[in-house]
Amino acid sequence: MSRYLSNRGGTQEQKVRFDEEAIPDKDEVGGTLKLRPSDSNITEDQEPFMGVKVRRKASIHRDYLGDYVDVPSRPYLMKILEKQGDKKVLFADTVLKFTSTGKMKRRILLVTDFAIYIVDLESGALKRRIALAAVEKLCLSELSDNFLAIVIPTEYDLLMASTRKTEIVTILVDATKSQSDYELDVLFSNRFEYNATSELVKEVQFEQVEAGVKTRISRK
């Protein structure tokens, strides 16, 4: 079984906040933004971190659908996968990816049984490919937000936001385990660090407030 670790911590002022109504249309997004609720369904017995992370009522009792962008209907995605020799798509959806400067960009996230792909939504260009074997751990808060950090020690890390975060985590854990004996760590903390670049470390802090969850991203 993969290791699910909890490390409770405090948080500070709000810098970024998400709710669940609509994904913005612009490629770059700043300030407050809204995310469309997931249509996927996840049952509690499928939840890999029950008892640690606060769940939204809407996220309980859901089924995984996997491909939310219809990969076979997008030739540019099929071409990327074929060029890399990947054939089995475990997950595909639009996410918000945080750049090193703190901007948010809409990207297509693909997860296969061997790698993670980040594809530009507008140009269809492959921006990054991360081998599953290179991933060390996943970082999430203990609250009901949409943030997920993928930590890659040999490169720089990936911070994103998705309303289907639980499904992404489960798929990454299962795919890594099926390909090797390595157990992918899943760390839960209301304060964690990630490498925005090879030389830039940032800290993400979360705080539960009456209106939802406040999130602050700052340089270390």
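The protein chain contains two helices and 15 strands. The structure is a predicted model, and every value below was computed from it. Of the 220 residues in the protein chain, 50% are buried.

## The nonpolar cores

The largest nonpolar core has 26 residues. Within this core, the residues with the most contacts are Leu 109, Leu 138, Ile 150 and Leu 172. Several elements give two or more residues to the core, among them strand E5 (89–98), strand E6 (104–112), strand E9 (137–140), strand E10 (147–151) and helix H2 (165–179). Helix H2 gives the most, with six residues.

Which residues surround Leu 138, apart from its neighbours within four places in sequence? Leu 138 is in contact with Leu 148, Ala 149 and Ile 150, with Val 169, Leu 172 and Val 173, and with Leu 184, Asp 185, Val 186 and Leu 187. A second, separate core has 18 residues, including Leu 96, Met 104, Cys 139 and Phe 192.

## Salt bridges

Side chains of opposite charge can pair when their charged atoms come close. The structure holds seven salt bridges. The table presents some of them.

| Asp 93 | Arg 164 | 2.6 Å |

The salt bridge between Asp 93 and Arg 164 links distant parts of the chain: Asp 93 belongs to strand E5, while Arg 164 lies in the loop between E11 and H2, 71 residues apart. Asp 93 and Arg 164 are both buried.

Arg 128 counts as buried because its relative accessibility is 9%, which falls under the 20% cut-off.

Glu 203 is in strand E14 (residues 201–209), and Lys 220 is in the segment after strand E15 (212–219), 17 residues apart. Glu 203 is buried, with a relative accessible area of 9%, whereas Lys 220 counts as exposed because its relative accessibility is 58%, a value over the 50% cut-off. Glu 203 and Lys 220 are also part of a network of salt bridges that links them with Arg 191 and Glu 193.

## The loop at Tyr 68

Where does Tyr 68 lie? Tyr 68 is in the loop between strand E4 (33–34) and helix H1 (75–84). The side chain of Tyr 68 makes a polar contact with the side chain of Glu 167, at 2.6 Å. Tyr 68 and Thr 94 are 26 residues apart in sequence, and their C-alpha atoms are 8.0 Å apart in space.

Key: Residues are numbered from 1 along each chain as its sequence is written. This is a predicted model: local features need pLDDT of at least 70, side-chain atom pairs count only at pLDDT 80 or more; totals for chains, interfaces and linings use all residues. Side-chain values use heavy atoms; hydrogens and water are left out. Helices (H or I, at least four residues) and strands (E, at least two) are DSSP runs, numbered from the N terminus. Buried means under 20% relative accessible area, exposed over 50%, partly exposed in between (1.4 Å probe, protein chains only). A polar contact is a pair of N or O atoms within 3.5 Å; within protein, one must be able to donate a hydrogen and the other to accept it, and residues adjacent in sequence count only if both atoms are side-chain atoms. A nonpolar core is a set of buried Ala, Val, Leu, Ile, Met, Phe, Trp, Tyr and Cys residues joined through side-chain atoms within 4.5 Å. Contact means heavy atoms within 4.5 Å. A salt bridge is a side-chain nitrogen of Lys or Arg within 4 Å of a carboxyl oxygen of Asp or Glu.
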